[in-house]
Amino acid sequence: MPIISNTVQNNSGNSSATISSRSRTYRSGNSTLHLQEGQTLKGVVSDVHGNEITLSMDDGTSFTGQLPDANQYSIGQKAAFQITSLDNNTIYMKALSNAYLLDMDDTIEQALEEAGLPKSTRNLDVVRSLLQNQQSISRNNILASIRLCAGYPEADVDTIITMKRLDMPMTPENVRQFENYRQQTHQLLYKMDSLSDSIGDMLNAIGEQVPRLAKQVGVNLLNMALEGNPTIEEMELAGNQETIQSSALVEDMPLTDEEGNPIAKEQTEADSAVIAEEMTEETEAQTESAGGPLARMKQLLSNITDGNAAAKNAVAESGLTDDFRTPFIHEQTGFILSPEERQAFAKALADYPLSDAVKEGIADGTLTARQFLTEAQKAFSEMSEAQASSLLTSKSFHALIKGQFLSGWTLSPERLKQEGALDEVYDKMSRQFEALSKFSEHILGKDVFTGVSGNASDMSENLDFMRTLNQTFQYIQLPLKLQNQNAHGDLYVMTRKEALKKDPNHLKVLLHLDMDYLGTLDIQISKENTAVTTKFFVSSKETKNLLEQNIELLSAAINKQGYAFTSELTMKEKEVDIVNDFIAAEAPVGDFKRYNFDLRA
């Protein structure tokens with residue numbers, strides 16, 4: 001949009017040919033203007049008449065020019081223009097579309113003045129957020145936004161304005177959770193720690209202050225903690241233990257055929273090898289037949305997060321940790337308690353109505369938390385009040401309950417492969433968080449343990465907020481149970497749902513992991529038909545070197561599934577911002593409905 005100067009005249013008497021085409025000197029009243037192509041001029045609109053507009057600048061100079069849509073400006077408004085060409089006595093300029101951003105504070109104050117509203121800190125923040133969200137700063141919109149923000153006085157104004165722009169349901173719970181996500185304090189895994197620790201505090205208080213309720217509380221809480229089936233790892237452990245026991249019993253027994261004739265050991269080993277090969281082929285065939293898009297993506301993700309033996313050894317040998325491997329699974333007391341804690345706890349249980357096998361399993365770490373808690377729940381009725389209250393105050397008992405809850409709230413890579421596993425875990429969390437938020441009410445008739453109820457309610461709200469997000473954005477938290485640690489994960493499906501419906505063979509996801517040994521790891525995975533490309537963004541050179549040395553392990557695992565795999569490793573420049581980088585970026589707007597968690601989306 002050119003501005004043709006009417007009042008600024010070239011003061012030089014020389015021919016224009018002697019003046020640089022890039023810059024010129026002009027006379028404005030008693031002042032001299034030195035103008036250059038590409039220069040930005042900003043000031044206050046002092047007059048608008050037809051297509052003529054006069055701009056007064058801070059140094060007192062001014063000029064009037066022709067602007068086709070000059071009537072879009074009002075007197076007193078801040079404006080900025082860029083010089084695009086200087087030709088003889090004419091200055092050609094273009095208006096800057098976001099000129100108000102050059103001096104936002106002045107624009108904010110002016111908007112409030114024109115709206116007749118006080119320049120309070122809150123009102124200034126409202127207008128600033130409207131500008132940053134590219135929303136109208138008309139009087140009506142400012143008033144509506146101020147009223148909306150007044151309904152949530154404790155919330156950050158930018159949270160409310162951003163949620164309004166995204167057309168998200170405005171409830172106190174959603175506002176709280178949106179702020180958690182903006183501040184990167186939304187991780188369920190870390191909130192699980194707080195919740196389970198507050199459960200221990202509650203048990204300790206009951207054991208010390210109201211021991212008469214110790215048995216009832218213990219039975220009811222363990223009933224909740226033991227909900228559901230054992231994990232895959234627990235079942236595999238039980239199967240291995242049974243196999244070891246069975247092997248010990250038959251190790252020295254002679255092998256015979258159906259008629260009782262002895263079978264040579266060499267023949268037995270050969271037959272076993274054939275059977276094993278046939279079983280492997282059958283399993284692979286079943287996997288391939290069930291390997292739809294969801295199964296393949298889950299397999300792809302689990303291969304990335306899975307700790308296969310070679311990768312674990314590589315990490316251990318890298319020096320990132322001195323104690324990476326453990327002979328115990330997450331659910332065993334050997335993983336949850338230190339050797340000293342196990343010995344002390346087993347000794348404290350000496351007089352309890354528990355079997356010697358249970359006490360020995362605690363001492364050597366082979367017993368699982370589920371096995372111990374199941375036996376303890378049965379034994380509460382036979383315990384004295386002193387024994388029950390003492391058990392509730394035991395830190396080792398708290399640790400086992402915490403371990404049991406966390407086991408049910410986290411997913412191992414192996415579990416993640418199973419159809420519906422994610423739904424089951426989130427359904428379980430939802431039920432248990434709701435029950436825990438009201439636990440003391442059921443026991444004592446009122447909520448006196450605000451730590452438990454508050455943490456559980458916050459986590460329930462977190463789950464509900466994720467359901468809300470998933471009406472438009474495909475995002476889920478993955479509380480992962482890896483080899484030697486629990487790790488927080490965020491899974492973002494970057495491909496919008498509409499695009500995915502049109503082209504289901506094109507998919508892009510981002511997996512964000514916070515790990516103890518590898519640090520923060522972002523993995524961008526792109527799938528185009530059978531071509532899979534990954535980009536690893538790492539937070540340390542040590543992690544980058546480690547992955548470079550072992551990336552072939554991942555490549556081989558994915559290529560084995562029939563994909564053409566390529567990868568790239570680079571240092572991370574910035575952290576993923578779930579709100580600004582994902583939710584608010586190109587966010588579509590629509591109605592929100594209820595949703596069940598399912599990666600099939």
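Biologist: What makes Y181 and Y475 count as buried or exposed?

Modeller: Both Y181 and Y475 are buried, a word that requires under 20% relative accessible area, whereas exposed requires over 50% and partly exposed lies in between, with a 1.4 Å probe and protein chains only. Y475 has a relative accessible area of 1%, so this residue falls under the limit and is buried. This is a predicted model, in which local features need pLDDT of at least 70 and side-chain atom pairs count only at pLDDT 80 or more, while totals for chains, interfaces and linings use all residues. Residues are numbered from 1 along each chain as its sequence is written, and side-chain values use heavy atoms, leaving out hydrogens and water.

Biologist: Why is the pair of Y475 and Y492 called tilted?

Modeller: Rings of Phe, Tyr and Trp (its six-membered ring) pair if their centres lie within 6.5 Å, and planes under 30 degrees apart count as stacked, over 60 as edge-to-face and the rest as tilted. The ring centres of Y475 and Y492 are 5.2 Å apart and their planes stand at 45°, so the pair is tilted.

Biologist: How do you know that Y492 is buried?

Modeller: Its relative accessibility is 2%, so Y492 counts as buried.

Biologist: Which residues form one aromatic cluster?

Modeller: The cluster consists of F178, Y181, F465, Y475 and Y492.
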